[in-house]
Amino acid sequence: MKKYFLTAAALLLLSPLTASGAIVGTGVLDLSWDPSFDTKITTTMGTFFTSSDYEAVLTNFSPFLGYKTLTLDTNEVYCVEENYLKDNIEYTFKTLDSTWAEITWLANWGLTNNKKEAQKAIWELIGIDVVGWIYNSTYTTAYSEYRAPGVNQNAYIADWLIAVSPNSGNYAQDFIVK
């Protein structure tokens with residue numbers, strides 16, 4: 001019995017991206033993109049659009065824990081799961097904990113620098129193999145800035161939420177949103 005408990009505990013420790021904080025609320029997240037942009041990325045699972053194409057609209061928000069409302073910046077969305085998008089479904093929005101520090105930092109970096117490269121870096125960090133892409137100078141610059149002395153690496157965790165899909169299997173894509 002102890003062996004099974006230790007195995008389960010080890011598996012939990014190996015899955016840091018499932019860690020998140022409090023539920024902020026639920027709402028219907030309608031995600032659309034403009035396929036005319038040439039910002040597609042091929043992974044081992046298929047071809048996906050990058051976050052620079054997404055536009056998010058939140059409706060029917062039901063707050064939890066005293067939150068009154070949630071307003072999203074329509075284009076501040078990054079995919080954090082290799083899965084297919086099913087939009088216009090109800091997502092659960094949760095706060096993030098410190099295991100998301102590097103991802104939220106890179107997401108913020110991408111908003112003012114290069115969203116496509118930030119999305120690729122985020123995918124690489126969570127273990128999604130981006131076909132034909134290696135860490136390039138753009139990502140190296142972002143990562144060097146993140147690791148620079150004096151940088152508050154936890155600076156942006158509170159700015160982002162995770163939108164957790166209610167689905168499992170295909171069409172269960174999760175996102176971080178701002």
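Okay, let's start in the strands: Ala163 sits opposite Phe175 of strand 8. This is a predicted model, by the way, so I'll come back to confidence at the end.

Strand 7 and strand 8, which covers residues 175-177, run antiparallel and are joined by 3 bridges.

Now the helices. Helix 2 is residues 101-112, helix 3 is residues 115-125, and they pack with their axes 8 Å apart at an angle of about 165°. Anything over 145 counts as roughly antiparallel, so that's what we call helix 2 relative to helix 3. Their crossing is right-handed.

Who's touching whom? From helix 2 we have Glu102, Ile103, Leu106, Ala107, Trp109, Gly110 and Leu111, and they meet Lys115, Ala118, Ala121, Ile122 and Leu125 of helix 3. Sorted by class, that contact comes to 9 nonpolar, 1 polar and 2 charged residues.

Average pLDDT for the protein is 74, and 68% of the residues score at least 70. The stretch to watch is residues 1-17, where pLDDT stays under 50. For that stretch the model has 6 contacts beyond four places in sequence.

Methods: Residues numbered from 1 in each chain as written. Predicted model: local features only at pLDDT ≥ 70, side-chain atom pairs only at ≥ 80, totals over all residues. Heavy atoms only, no water. pLDDT = per-residue confidence, 0-100. Contact = heavy atoms within 4.5 Å. Axes fitted to C-alpha atoms, helices over the stretch in contact; angles between N-to-C directions. Helix = DSSP H or I, 4+ residues; strand = E, 2+ residues; numbered from the N terminus. Parallel < 35°, antiparallel > 145°, perpendicular 65-115°, else oblique. Left-handed = near helix turned anticlockwise from the far one by under 90°. Nonpolar A, V, L, I, M, F, W, Y, C, P; charged D, E, K, R; others polar. Pairing = 2+ DSSP bridges.
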